[in-house]
Amino acid sequence: MPSSSVLSRSLLAAAAALAFSTSVQAERLIRIVVPFGAGATQDTVARTFSNELGQALGATVVVENRAGAGGSLGTSQVAKAGPDGNTLVLAAASHNLASHLYAKLPYDAQKDFVGVSFLGRTGYVVGVPAASGITSLQALLQRAKAKPGALNYASAGNGSASHLAAALLAARAGVQLQHIPMKSTGDAVNELLAARVELVTGATIGMLAFQNDPRVKLLAYSGQQRSRFLPDVPTVAEAGIPGYAFDSWLGLLAPAGTPPAEVERINAAVRKVLAEPAVQERLARVGVEAGTLPAAQFQQLLRDDWVAAGQIVQTAGGRID
């Protein structure tokens, strides 16, 4: 028969094991859904800070890719999720653009979501195969005007920001370009590297690695000002299309109806995480100008951007379905 001291130690060990098991079972699981494939802008950004966000929230944060239908598949899943803060979507400019591009979406971009946290902004870079011999945006546009509809460009898919950035460029320049939709930014860049397309207007995240690549020539940056990550690359406006500007916000959205207190809790955690120098450095390495906003201000940004997105789509040619 075990002694009382042995029995006590056994009971203590059993209690500790039970407490540990209970804490593991009770640990919160938060999913950040990325509505595009691996290598897309949202995917890279989500994986940059997910571990730190989990620590700040005392939860396990997992990133899930749910690509398909130009981003609407994964976004729709989040719209239908419980409004408890456990399911978020890492959205970008394509979120509002798609609502103007497509007549029928399985969700309402404004009514079915609430803005949780702004994360930052990224721009887009016009790149061409170096083998094309094109060394400036003006030379590219001259070739496009000489051969209407003959030049094609790859994007991360119909309705993606990389699609609209190029379509807007073509519309503003008065040229015809053929769109080749791919499944992700990575796929679009691979088409460029293989010289199977004439150009890509890719997110800075996907293009930074090629600024010294002999296979690629970076012609212009889409922002209002030059990117601090590509200081030698002129803006599109500088390179010949005055007034052109296109960039993308990045942020976390939750299903509509998520309690305000939960929105504020996640927002505070994100702001804490993005204040960490290590996280800022990781985001900078992929071309993201990190930033934070109170949840109410981010919600206003989303409303303003929805209006601007409609104007961009109209200029770029209107709906595509």
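Q: Before anything else, what counts as a pocket, and what is a lining residue?
A: A pocket is an open set of grid points with protein on both sides within 12 Å along at least five of seven lines, and lining residues have an atom within 4 Å of a point.

Q: OK. Which residues lie nearest the centre of the largest pocket?
A: In this predicted model, they are Arg121, Gln224, Ala245, Phe246 and Asp247, out of 31 residues that line the largest pocket.

Q: And how much space lies in there?
A: The largest pocket holds about 620 Å³.

Q: Which elements give two or more residues to the lining?
A: Those elements are α4 (93–101), β4 (113–129), α6 (161–173), β9 (247–255) and α11 (295–316).

Q: Which one gives the most?
A: That is α11, with eight residues in the lining of the largest pocket.

Q: How do the lining residues divide into nonpolar, polar and charged?
A: Twelve are nonpolar, eleven are polar and eight are charged.

Q: Switching to α2. How many residues has it, and how far does it reach?
A: Helix α2 covers residues 41–57, which is 17 residues, and reaches 24 Å from its first C-alpha to its last. That is close to the 24 Å expected at 1.5 Å a residue.

Q: Where is the kink in α2 centred?
A: On serine 50, with an angle of about 45°.

Q: Is α2 mostly covered or mostly exposed?
A: Mostly covered, as twelve of its 17 residues are buried. Among them are Val45, Phe49, Leu53 and Leu57, and Ser50 is also buried.

Q: What comes just after α2?
A: Glycine 58, which takes a positive phi of about 65°.

Definitions and conventions
Residues are numbered from 1 along each chain as its sequence is written. This is a predicted model: local features need pLDDT of at least 70, side-chain atom pairs count only at pLDDT 80 or more; totals for chains, interfaces and linings use all residues. Side-chain values use heavy atoms; hydrogens and water are left out. On a 1 Å grid over the protein atoms alone, a cavity is a set of points where a 1.4 Å probe fits but cannot get out, and a pocket is an open set with protein on both sides within 12 Å along at least five of seven lines; lining residues have an atom within 4 Å of a point. Grid points are joined across faces, edges and corners, and a volume is the space filled by probe spheres set on the points. Helices (H or I, at least four residues) and strands (E, at least two) are DSSP runs, numbered from the N terminus. Ala, Val, Leu, Ile, Met, Phe, Trp, Tyr, Cys and Pro count as nonpolar, Asp, Glu, Lys and Arg as charged, and the others, Gly among them, as polar. The expected span of a helix is 1.5 Å times one less than its number of residues. The bend at a residue is the angle between axes fitted to the seven residues ending there and the seven starting there. Buried means under 20% relative accessible area, exposed over 50%, partly exposed in between (1.4 Å probe, protein chains only).
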